[in-house]
Amino acid sequence: ILTLPVARRDLGTRLTGGVFVFLAVLWLAYGVAFWTRDPATGAATGPFGFLSTYNSFLDTGAMLLLACGQVVTLLEDAQRDLEQARAERLQAVADSEARLKAVIETATDGILAVDGQGVIMLANGGAARLLGGRRRDMIGKRLSELLPPEAAQSLDRRLVDVHRATPGRQAVFEVHRAGAGGREMPLEVAASTYRRDGELLDIFVLRDVSERRRGEAERAELQA
C-alpha cells in the first residue's frame, strides 16, 4: 500500500492491505501453535491453542474480507476511470471552444450569432468594423438597430426563407448600409439557422464586397 500513489490509497486498497497483514499475523500464530503443541496428544497449547479450533472460521472470514476489498477496489477503479474520462471530455470541449473562439476572433469576415428575437448574442471584431460599432455595444442589441431601415426589412424577408429551409442550410444574399463618408457599402450575408433544444439561433457571416462590385462595374464598362 505504501508504494501506491496517494490517489490509489482508497478504501479498497486499505481493506485489502489490512487483510493481508492480518493473514500474515494469523499464519505466524499458526506456526507458533504448531511448534508448541503437546507431543503426546497433538493438541495445541499455550495462548494460541484456540487456533486449532477456530482456524477454519478465521480463514473463511479473512478470505471474505479479502474478496470484499478486491471488489471495492475494482468499483473504485471504475469510478476513477469514469471521472477521468469525464474530465478529459470536458477538457476536449473547452479546448474546442477555445479554438473556435480564436477562429472567430481572428476572422476578417464579420460573424454574428442572433437569437430568435433578433438580439445579438455574439459578435466578432469583423462584424463591429463592418457595421460601424463597438463589439461590446452590439451585444444585446437587435440586429435591425444596426442597419438602415431598407436593409433591415430586406434582412427580415430573407430570414423568413432561411427559417423555412432545412436547419443548417445556408442562404447567401446582399444588404446595403452606409459606409465611410456616406458611401454605400454592399454586404454579402451568408445566413444559416441552428436549432438546439428547441431554441433558434441565426448565424450570419458578413463580408464587404465593395471591391468586387467595383471590379465588376469596371469590367462591364470596358466590355460596353
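The model is a predicted one, in which local features need pLDDT of at least 70 and side-chain atom pairs count only at pLDDT 80 or more, while totals for chains, interfaces and linings use all residues. Residues are numbered from 1 along each chain as its sequence is written, and side-chain values use heavy atoms, with hydrogens and water left out.

β3 and β4 (residues 184-196) pair in the antiparallel sense over eight bridges, where pairing requires that DSSP finds at least two bridges between two strands, and where the elements themselves are DSSP runs numbered from the N terminus, helices being H or I of at least four residues and strands E of at least two. Strands of a sheet pair through backbone hydrogen bonds, in either a parallel or an antiparallel manner. Here the pairing is antiparallel, in an open sheet of five strands with the order β2-β1-β5-β4-β3. Because β2 (120-123) and β3 (171-178) stand at the edges with a single partner strand each, one side of each is left without a neighbour in the sheet. From one strand to the next the twist averages 30°, the axes being lines fitted to C-alpha atoms, for helices over the stretch in contact, with angles that run from 0 to 180 degrees between N-to-C directions.

Helix α5 (residues 149-164) packs on this sheet and touches β3, β4 and β5 (199-208), contact meaning heavy atoms within 4.5 Å; the direction of α5 makes about 170° with that of β3. Helix α6 (residues 210-223) also packs on the sheet, touching β3, β4 and β5, and its direction makes about 130° with that of β4.

If a salt bridge is taken as a side-chain nitrogen of Lys or Arg within 4 Å of a carboxyl oxygen of Asp or Glu, the count comes to seven. One of them joins Glu105 and Arg135, at 2.3 Å from N to O; since Glu105 lies in helix α2 (residues 51-106) and Arg135 in helix α4 (residues 135-138), the pair ties together parts that are 30 residues apart in sequence. Glu105 is partly exposed, at a relative accessible area of 34%, on a scale where buried means under 20%, exposed over 50% and partly exposed in between (1.4 Å probe, protein chains only).

Another salt bridge, at 2.6 Å from N to O, is formed by the side chains of Asp109 and Arg207, and this pair links the loop between α2 and β1 (110-115) with strand β5 across 98 residues. Asp109 is buried, with a relative accessible area of 15%, whereas Arg207 is partly exposed at 38%. Between Arg212 and Glu188 the closest N and O atoms of the salt bridge are 3.0 Å apart, which connects helix α6 with strand β4. Glu174, Arg213 and Glu216 are linked in a network of salt bridges.

The largest pocket has a volume of about 380 Å³. On a 1 Å grid over the protein atoms alone, a pocket is an open set of points where a 1.4 Å probe fits, with protein on both sides within 12 Å along at least five of seven lines, and lining residues have an atom within 4 Å of a point. The lining comprises 14 residues, of which Leu100, Lys101, Ile104, Ala113 and Leu122 lie nearest the centre. α2 gives the most to this lining, with five residues.

Note on methods
Points joined across faces, edges and corners; volume = space filled by probe spheres on them.
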